[in-house]
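Subject: A structure to look at, and what was found in it

Dear colleague,

I am passing on the structure below, and I would be grateful if you kept it open while you read the notes that follow it.

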Amino acid sequence: MHNMSSAEPVIRFKDVSKTFQRPDGRGDFVAVDRLSFEIAKGEIVAVLGKTGCGKSTMFNIVAGLIEPSAGEARVVGHDPFSEFDFFRGKIGIVFQNDRLMPWRTALNNVLLGLQVLDTKPAQAVETARGWLARLGLSGHENDYPHALSGGMRQRVSIARAFAVDPEILLCDEPFSSLDEMTARDLRAEFVRLVRQNNKTAVFITHQIGEAMEIGDRVLVFHRPAQIAYEARLNAATNIDERRKLRDDIMRVLALELT
Ligand SMILES: Nc1ncnc2c1ncn2[C@@H]1O[C@H](COP(=O)(O)OP(=O)(O)O)[C@@H](O)[C@H]1O
Ligand SMILES: [Mg+2]
C-alpha cells in the first residue's frame with residue numbers, strides 16, 4: 001500500500017468540490033467546483049488566483065484540514081483528511097502569517113515538528129540548527145519571534161517546514177506581507193531548497209509575478225476554484241515567451257467577473 005508506483009502523482013484531485021453553509025442560512029456557497037488536477041513528484045506548482053477564488057480552501061483540503069464535500073483528493077495515494085496521522089512529517093506547511101509560537105525561541109519553533117516526530121533530542125537540535133543556518137539565521141537561534149523582522153520570521157517558518165524532511169511543501173501566500181526585495185530573496189531561496197532536497201511543492205499566490213518566479217507550472221484558478229488556465233515554464237523559457245504567458249494569464253484573470 002505504501003509503495004506507490006512512480007506514475008502515481010504526489011497530489012491528485014478528481015472532481016473535488018467544497019461547499020460551505022452561508023452564514024445567513026441562504027443555502028450553500030460553492031468555494032471549490034469539481035476541481036481536478038495532478039501534481040507529479042518534483043514539480044513546483046504555483047496556484048494563482050484572485051482573493052476569494054478558493055485557493056486556501058483547496059490548500060486546506062490538500063493539507064487534510066478540511067474534507068471535500070464531493071470528489072476525491074489523494075496525496076501520495078492516501079486521503080489527507082481521514083488518514084491525517086499518516087501524513088505526520090510528510091507535509092511541511094508555510095502559512096501567510098508565520099504562525100510561530102511567540103513563547104518559543106527560533107530554535108524551539110523549528111524543533112517543534114521534530115519533537116512531534118520523536119527525533120532524538122541531540123539529533124533534533126543539530127537538524128534545527130542546520131536549517132536555521134541554511135536560511136541565514138545562525139546567531140538568531142535563541143531569539144524570540146518578536147525580536148525578528150517579518151522576513152526573518154518567515155525564514156524560521158521555512159526552516160521549520162523543511163526540518164522534518166517532508167516529501168511535500170505547501171505554502172499559502174507565505175511572502176505576501178513582506179516587502180518585495182525580501183520576498184524575492186525568499187522565493188529564490190525556497191525554489192533552491194525545494195530542488196536541492198528533491199521535494200514537491202504547491203505554492204499559492206495572488207501575484208502573477210510571484211507565480212511565474214516560483215512555478216515550473218502555473219495553475220490559474222477562477223472563482224469558484226477551478227482551473228482556468230495552465231502554463232508551463234522552465235529555465236529555457238525566454239523573456240518573450242514569459243511576456244506572452246504573462247499576457248495570457250492577465251487576460252484570463254481579467255475575464256473573471258468580480
Ligand atoms: N469555513 C468557511 N465557511 C464559509 N465560507 C468560507 C469558509 N472558508 C472559505 N469560505 C469562503 O470561500 C471562498 C473562498 O475562500 P478562500 O479559499 O479562502 O479563497 P482564497 O484563498 O483564494 O482567497 C470565500 O468566499 C470565502 O469567504
Ligand atoms: Mg487564501
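Predicted model: local features only at pLDDT ≥ 70, side-chain atom pairs only at ≥ 80, totals over all residues.

Residues are numbered from 1 along each chain as its sequence is written, chains are lettered from A and ligands numbered from 1 in the order in which they are written, and side-chain values use heavy atoms, with hydrogens and water left out.

Thr 200 is found in strand β7, residues 200–205; helices (H or I, at least four residues) and strands (E, at least two) are DSSP runs, numbered from the N terminus. Thr 200 counts as buried because its relative accessible area is 1%, the classes being buried under 20%, exposed over 50% and partly exposed in between, with a 1.4 Å probe and protein chains only. Its side chain reaches the backbone nitrogen of Gly 42 at 2.9 Å.

Pro 9, in the segment before β1 (11–21), is also in the buried class, because its relative accessibility is 11%. Leaving aside neighbours within four places in sequence, Pro 9 is in contact with Glu 38 and Ile 39. The C-alpha atoms of Pro 9 and Gly 77 are separated by 7.9 Å, although these residues lie 68 residues apart along the chain.

The chain is divided into domain 1 (1–90 + 167–258) and domain 2 (101–165), with bounds that come from an automatic or database domain assignment. The centres of the two domains, taken over C-alpha atoms, are separated by 25 Å, and 16 residues of domain 1 are in contact with 14 residues of domain 2.

How much area do domain 1 and domain 2 bury between them? The value is about 1,200 Å², 70% of it on carbon and sulfur atoms, where buried area is the accessible area (1.4 Å probe) that two parts lose on being put together, summed over both. Gly 89, Leu 186 and Leu 193 supply 33% of the area that domain 1 buries against domain 2, more than any other three residues.

Between the two domains the count is one salt bridge, a term that stands for a side-chain nitrogen of Lys or Arg within 4 Å of a carboxyl oxygen of Asp or Glu. Asp 165 forms a salt bridge with Lys 199, with the closest N and O atoms 2.4 Å apart. On the side of domain 1 that touches domain 2, helix α5 (residues 180–196) gives the largest share, seven residues. That side has, by class, eight nonpolar, three polar and five charged residues, where Ala, Val, Leu, Ile, Met, Phe, Trp, Tyr, Cys and Pro count as nonpolar, Asp, Glu, Lys and Arg as charged, and the others, Gly among them, as polar.

Gln 154, in helix α4 (residues 150–163), is classed as buried because its relative accessible area is 3%. Apart from residues up to four places away in sequence, Gln 154 touches several residues, including Phe 95, Pro 174 and Leu 186. A polar atom of the Gln 154 side chain lies 3.0 Å from the backbone oxygen of Gln 96.

Over the whole structure, a search finds 23 salt bridges. In one of them, the side chains of Arg 88 and Asp 85 meet at 2.9 Å, N to O; Arg 88 is partly exposed at 45%, whereas Asp 85 is exposed at 54% relative accessibility. In helix α7 (residues 239–255), Asp 240 and Arg 243 lie three residues apart, about one turn of the helix, and they form a salt bridge whose closest N and O atoms are 3.5 Å apart. Asp 240 is exposed, with a relative accessible area of 52%, while Arg 243 is partly exposed at 48%. Salt bridges that share partners also join Glu 180, Arg 184, Arg 187, Glu 210 and Glu 213 into one network.

With best wishes

Technical notes:
Contact = heavy atoms within 4.5 Å. Polar contact = N/O pair within 3.5 Å; in protein donor to acceptor, adjacent residues only side chain to side chain.
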